[in-house]
Structure formats: C-alpha cells, structure tokens
Amino acid sequence: MKIVRAKKRNCRNATLGGAASATAKYCNSLPSNIGYFRVPVRAVTAHSVTQPQLNPSCLNNAASVFTAAPESVVARDVEIEQLVQTNTDSANDCPKPMGTMSETTHRIHLAKVEKSLEQSFASVGLVGELKFSPGEYTQNCEAVRGILQEQRNNLAKIPERVFVALLIFCARYEDTSVAGFWPVFLQRLGLRNDASNQNACRQLFYKAQQNLAPLYFPAEGYACLTPISFHAIIPQVCVPEMVSLLRHIGRGAGWDAVADLEISEIERQLQIAASKLRMTKAICRFVSDTYSRRLAAQLVQDLCEAAHLHQRGVFLSQQIDCLLEDRPVQREIWSKLIAAAPESNESTGLNRSLFVAPRWQWDVKARQMRLYFPRQNVISSTRPAAFVVGAERFPVQAQRRDGRWEIEPTYLARLPLHQASRLKIELRAENDVCLGTWKIAPLEGKVLFFQLNAAGTLATHMAVERGLPAGEWLLLLRNDCQLHAAEGEVKPLRKYYPPRYFEEYQALLAELSPPLQVFVINAEKEEAPERIPLVEEMLHRLRLEGNLLAEADDPSGTATFTGVAPEVILTAQSWEEIKHLQLQVRNLTANNEEDAVAIMNSLQSLRHANIAIWSETQQQLRIQLESLLPADTAGRLRLKLLRGLQSAQYLPLEFNLVPALRLTPSSAEMASTLYTTEDAPHVQVTCSATPRLTSREGRVQPILPGLHEIQWSGHETDFEATLDFGHFRLPLRWHPHILRARMHTQHSCESWVAPPPTLFVEKLSFHDLLTIEGIPDAEFQLFAGEVKTGQKRFDLKARLQFPVSVLSDFVNRSSAQQVPVRIVVKHQQRTYTLLLLVVTKKAANGFNGEGEPLCYLRVGQQVFHPDYGLGVLEAFTDTTVGTEIIHTAQFQFDRYAGVRFLIPVNRHLPVHGYRQRTSLQFAPSGQSRKFIVGEKAKIAVSETL
C-alpha cells in the first residue's frame, strides 16, 4: 500500500511539473514551522472554508509594506490549489478533514506577510505608521481565524510579527472605547472572550516583544495594552475629533504658537483644550493617558507646524501630501483638516489667551533661582505691561500680532523664595487690570535635578515623577540625604555652590545611571528610600559645535553662536538609518513674512554636495550649516529632522546666530580681574552689523561706528545690555568680581549701595550678617584698627559671610575708641583695601574727643560722628542764631539720608578718608526741630527733615 501511494504521489508531482518545484523553492525559504509541503496532499479535500480573496490592487502596490506574495507567486498558488482540488477524486484512500486546504493557504499567505514585515519593522519606530489599510487588516484577521478554527492552541502557528501587527491595528481601526480591547480582538479571531484566551494572547505578545528589540515599548501602564495602544498612535475613532481640535487651535491660540511650545507644555494644554471643548472619552484618554499623551503632543506639534507653513505659503498642499506619503496617520488627519468645512460654532472655539506655565531655572553664574516664562499669547484690548510679584514689578515686551498680544520670553529673578507659601504672580495690563495669574510652588525635595545648557551658565529644572534618563545632570542634594545608584553612592564630577535660599543643599554635577535611590541619613525613624526609575529616551539629541558666545543671556538658555553658523552633529548606527531623513532649518525671527522660509534638504543630497560628511568609524554625520544659510543670517533658528512631516527620532534644536561680535574684556579676562566700587567694570562691544546697544543699569557711549562702551557703577547687582538687530534682540550679561561688602539680615534683598555702617560694640549681634564679595583664590586679611587676623584665601564661591557678632572680641583687642574694620586683598600683585564697618566702644559726650578740627577739613572729607555715624562734609556756611552769626560746617550723614546737619567749625570729629558727595542745594520741606550743639541752649541750629 505504501508503494502504491508513493507512486501516486510521484505521478501527481510529475503532473504539476515546474509550478510545484517553484512553490517548493519558495516555501523552503520560509521558517521551518510554516510550509506548504508539511501537509500531505492526500489530506486535501474539496470541502474547504470559503476564503476572502486579497485585493489585487493592494497586492500590486509596490509601495505597500504589508503586501502579500508577488502576483506571479499568487497565480502559481491558485493554480496549484486548483490542480490539487481537481485530482482529489483519485485520492480517496483516507478520510478528508474539513478546512485543511484553507488552513494551508492561510499559513502560506501569513508566512509571506511575515517575511515582508521582517524588513518593515526595522524601518519604522512605530508599527502604526506602516501602510496597512483597514481592508488588509480584515483580510489578515480572516487568515488567522482560518488557522485557529476556534482553538487557542493554534496561536503558536501564527507568525510573531503578524500577530503583533494585528494587535496594534486592532487598536488603530477598531472602536474599543465601549466594549474594550479584548472582546473586539478575540471576536475578530473567532475566539471566545474568556480569561484563558486573553492570557494566551498576552503570552504570545510578550514572546514576540522580546524578539522585536529595536522597537521601543513603554514600560509604564498596562504590560500588554499600553504598548499596543502606544504603537497604534491614534485610534480611528479619535481622528475626526483630532481634526476638530486642530481647527480650534488654529482659530484660537494659533498654529505657530503651539508649534513653538515645548512638548511637555503641549501635553498640558491638550488636556485643558479637550476638557473645555467637552470631547469624548476616547480623545480625552488619548491626550491625557501617560503612554499616549506624548504621542498626541508630538502629532499636534508636527501638524500645527505644517498647517502654519501651509498658511504662510511656504508649503503647497501637494508638497505636504508628497512629504506625508510614507506617514498614513498624519496624511489621513491632514487631508481631513484641509477638507473640513467650517463649523457653525467656529467663533466660540478656543479663542482664549494661551497662558504657558513657567519653569524654574538655576542661574549658575549669579547663584540664584529664577522663573522662566515662555512666550505668552494674550487676548486683551490693552497692552500687557508687567509681571507683578507682591510689590515688585517686572516689565515685559509685548507686540500686537494676529489679534493677540505676544509677550516675549522673559525671566523673573531675585524672587522671595524663602517664603513658605506659594508665589502669586500676576500679569497686569497698562491700566493695571489683571490678565492672568499663576501660583507657583517653591522648589523643595530631597533631591532636585537640573539640565545644563550648552554654555554651562544656566540649568533648567526637570521633574522626575516618571523617572530620569541616564546622562550628565546638575543636582541639588539635601545635606541630610545620600544618592545611590546600582554601583553605590554617586560620585560627583564637580562641586558647585548652591543658589541663594538653598544653603541646606549640596550642588553637584554627576553622571547618573538610574535607577537611583535617595536615603535620609540619621533620620529619627527609618524611612523607605525614595526610588527614581530609569526612563528610556525615545529621541536622540543633536549637537552643535561652533563659536559659542558665553556672555549671551537668552531667557530660555538657548545657545548663541557668533560669526559662522555652527556645525550640526547627529549620531546613528549606520548611514542607512538616517539617509532618508530631511533637515529643516527655520528662521523664527525673520524680518518679514517672505524671509520666513523653511529650508528643506534631504541628508542624501547634502552628502552628495559634500555639505554633510558621514564618518563610519565615529558613526556620526557632520552638517555644515554655513553652506545652507543665506549671508548675514541673524536671529533664532530651529533645526528639525523629519520623516515626511513627522519629526524623526531626534529632538528639535534651537539656537541663536548673530554676526561677528567681539567683547573686550573677554569672559576669561573678566573672570581673572578684580574690580572695586571706585574702579567699576566697563566693556567695549564691537560688531560689524552696527546694532542698537542699550543697557538698563549701565551707561552706553558710542566711540566709533560699530564700537560702543558700557560703564556700570560698582554697586550694581546686574551687569547687562541688549543688542537690538531690529528683528532680533539678544540680551548680554556679565559677572564681574567686585570687592564690596554689605551688612544685611538673613532674607533681605541683595543690595550693594548701602555705605559702611557704624555700630556700637554692643550692637554686634548674630541677627546681622556681613557679606564680602571678592575673587576666587585671592589672599585677604581682616583688620580691626591695628589688630589683624591671619592670612586666608577666597574659595571658589568668592564670598565671605558671617554674623557681625564674631567681630566683638576682634574689636575689643583694639586700643582705639572708634575701630574701623577693613579687609585687605592681594590679587595679581595689587593690594585692595575696603572699609567694612566702623565700631565705636562707647558714646562720646559732645565733640570734645579726639579728631580733626572741622575748620581744617576740606569738602568731601569723610568723618565719623558717635551719634550719627559716617558722614561727609558738603560745604561751609554761616548760620544766624538769633542775633549771633556762627561759622558752621554742613554735613550729610548716611544714617539720615536727605537731612542737613550744621556743626560749628570749632568742634572736632575723627576723619576716615575722602568721599565725593553732592551738596543739597535745597533742603526738603517738612517738619523742623532743634537740637543742642553746645552746652548753652542759645546756640541752637535748626534741622530740616
């Protein structure tokens, strides 16, 4: 019997001829568990399940990723099936099981799809971006259903990539918002919706996920459904509402305003918009869930930028359609957005002010925290004037655009962060009407993480609720805490000084490899360590190399380059990975609408033109931007790598570019120079473009065309200026080292204008602090009269701070009654002396003590009065008291600003140097009183308050 059957098979194979050989050759190249010839031909029956046929137009589409076998192969398979069915009548030796022929056909079809998916999965970051139409999804579901035959044990026969694709496109095309995901998916496969079938599908997905390592699957959320929904991008039921949301954004806040926002801010604004527009649960879930809100934000940002460029005439509809050819999700939304008719209630939309949440920044050079406000779009009839915090007002720059007031990005510095309550910040108009309010919580916690900018001058606070990516971070670690990684306690690369009001923290720069644990040392009760998980960065970062302008103080911390445009560097595993990307360069601060053209170039064309150079050994591409930008380009530019119109797996990058600029002294020279209040710093600015130079605190003097000099007072806190190129304003800021001192309380505002105080020795308390500013690594000595301390050095902080009470013993060792306390600093072979304060041991009765006769002093002489402190001789005058003329000296004492004192010239006062003071020509009007200058009451001089 075996011999007879073998002969029959040989005859049948001979009848099939070359077609069977070709099919065998194809099937032998498939995985071993999927094949046509593993099923005996004698088992084929004519009673097979009717199968839906594939769409020939879809199969012939060469651009399709989810394609079936080539047309010739399909024809051969159909011919083989027909021939086999014709010859089944002669093979009636054994029973004919139902559906065997259909199952075999389905398995061959799915094997071909799996073969195609093997390359397709490697070319995309999200499976939902593959060209997989609803019809193809249905056909492949039917093929899987034919194999399963209501038996979940047959799930092992389904190719892994096919199964993952069906899961993902089920979340994409099916409406799962009502019944849930598993009932819909299992019904598609012909399986019962029970826990066993659901678990079997999960296990197959987990197994397939391990073999798809290049694809990113989020770890948060549900272990199975979250990654599926993530790769599905957006459910089909959400597409119409997403189009409606985009139209509302364009009419209200403006597409350009949303395109300029950070991704985290777009996430927040989308949730607010969906709530105000009362959208369905499906779209609200899409824009708010942890795993999908980042996708939603990226989708909205890309489409808003495309709509803005289309609105400005930069891109035509045909060009955008071409760019979106390989991005079906964006193309579907875009086509509906352009074709959508205006709604009847368009005027109600989201026509509201777009208030963007501020972010904390750490000004490393100035050692202070500041609050950065991105660009705000405000709908108001009056111009916004200032941010108001308590009694402080911070002016803003605003311009009218598209019916809205656009407030330029700015920051608020020297805020009262010591207050325990939240900061209330109001945006007020010129008529003092409140336009918006923010309530900002102060920064607090065991550890705070910041990301440094390119110049290393500014760090932005990063929230770590979801975790922290690996890399270099600047952090503030509370003194009673320790930070541990897997290998042990984190070792800092460098130590910084903490900003003001954060003295209980350590400031460290460290290379972190999460997960991290934060331990509290010597806690009263044992606390569980705070755990900070690792968050994988989905996007790579671009890098810029060029002539960096360290003095630039862009409010957002964006790097500024001068002269030549920087080189762009991007890393990749291979050239094949990035060769299909496009580079978009946009000037965000163009002079007019026509200049705001987005420059688009493919990386392949840039490489052919030798503008981009690929290094195989370093696995990086260097792009010379100078060859792409027009001559004399200045302003804020944005770089973006695109796949079509969707952002590629690289974060967008912004930078400032200004013409060749020379600052004298340079930042390095200024860092090594010690200035004084008498010899205040000044800077020369040379620029070929001859911009307008202004300074709020300094005095600007033009010297030559293109050459300006800025001079500041040594008592200033901010040393800043602004270069105005007409369409672009660039703030500049310097941090000179000035030898100066001030006495203050713990949380008083920083001010250096107060003169050296005069105190009795009993008033040297712990409440008052003395702060001295110097320069790092300079030697200094403190003197109290003739008594001096040992020689010390300034540390990297370049500041000394101590309570004045520590000077008590130091002053008592001096033999003088009035003890001047001064500091002597030696730096670069120069000696600097600064009077800190004057301490008197006991009050003098009258003016008969030691000192110089007033008649011998000259105008501008500085003296010390035991009751009124330090003062300056302003003039000599004759004063009439009754009928008697008295020769007096006119003084102004620092303790009583605006008061005129007249003292007879035959008295004595101690002299403490010379200080130029302007005489009061007219005493201010007010209350008058008398005080006794001698023993006789008849010698009295009026004092005007």
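The model is predicted, and the protein chain averages a pLDDT of 79, with 82% of the residues scoring at least 70. The chain contains 21 helices and 55 strands, and buried residues make up 49% of its 945 residues.

**Overall make-up**

- When contacts with a separation of 6 or more are considered, 66% of those in the protein chain are accounted for by residues 24 or more positions apart.

**Confidence along the chain**

- Among the elements of the protein chain, strand β25, covering residues 612-615, has the highest mean pLDDT, at 95, whereas helix α3, covering residues 56-59, has the lowest, at 34.
- Over residues 344-349 the pLDDT stays under 50, and for this stretch the model has five contacts beyond four places in sequence.
- The pLDDT also stays under 50 over residues 843-849, a stretch for which the model has nine contacts beyond four places in sequence.

**Nonpolar cores**

- The largest nonpolar core has 48 residues, and those with the most contacts inside it are Ile-234, Met-242, Val-300 and Ile-333.
- Several helices each supply at least two residues of this core, namely α11 (239-251), α12 (255-259), α13 (263-276), α14 (281-288), α15 (293-311), α16 (317-323) and α17 (328-339).
- Helix α15 gives the most to this core, contributing 10 residues.
- If its neighbours within four places in sequence are left aside, Met-242 is in contact with Ile-234, Ile-283, Phe-286, Val-300 and Ile-333.

- For helix α7 (residues 160-173) and helix α9 (residues 195-210), the axes come within 10 Å and cross at roughly 115°, and α7 passes α9 in a left-handed crossing.
- On the α7 side, the contact is made by Glu-160, Phe-163, Val-164 and Leu-167, while on the α9 side the residues are Cys-201, Leu-204, Phe-205, Lys-207 and Ala-208.
- Sorted by type, the residues of this contact between α7 and α9 divide into seven nonpolar and two charged, with no polar ones.

Terms used
Residues numbered from 1 in each chain as written. Predicted model: local features only at pLDDT ≥ 70, side-chain atom pairs only at ≥ 80, totals over all residues. Heavy atoms only, no water. Core = buried A, V, L, I, M, F, W, Y, C linked by side-chain atoms within 4.5 Å. Buried < 20%, exposed > 50% of the residue type's maximum accessible area, 1.4 Å probe, protein only. Helix = DSSP H or I, 4+ residues; strand = E, 2+ residues; numbered from the N terminus. Contact = heavy atoms within 4.5 Å. pLDDT = per-residue confidence, 0-100. Axes fitted to C-alpha atoms, helices over the stretch in contact; angles between N-to-C directions. Left-handed = near helix turned anticlockwise from the far one by under 90°. Nonpolar A, V, L, I, M, F, W, Y, C, P; charged D, E, K, R; others polar.
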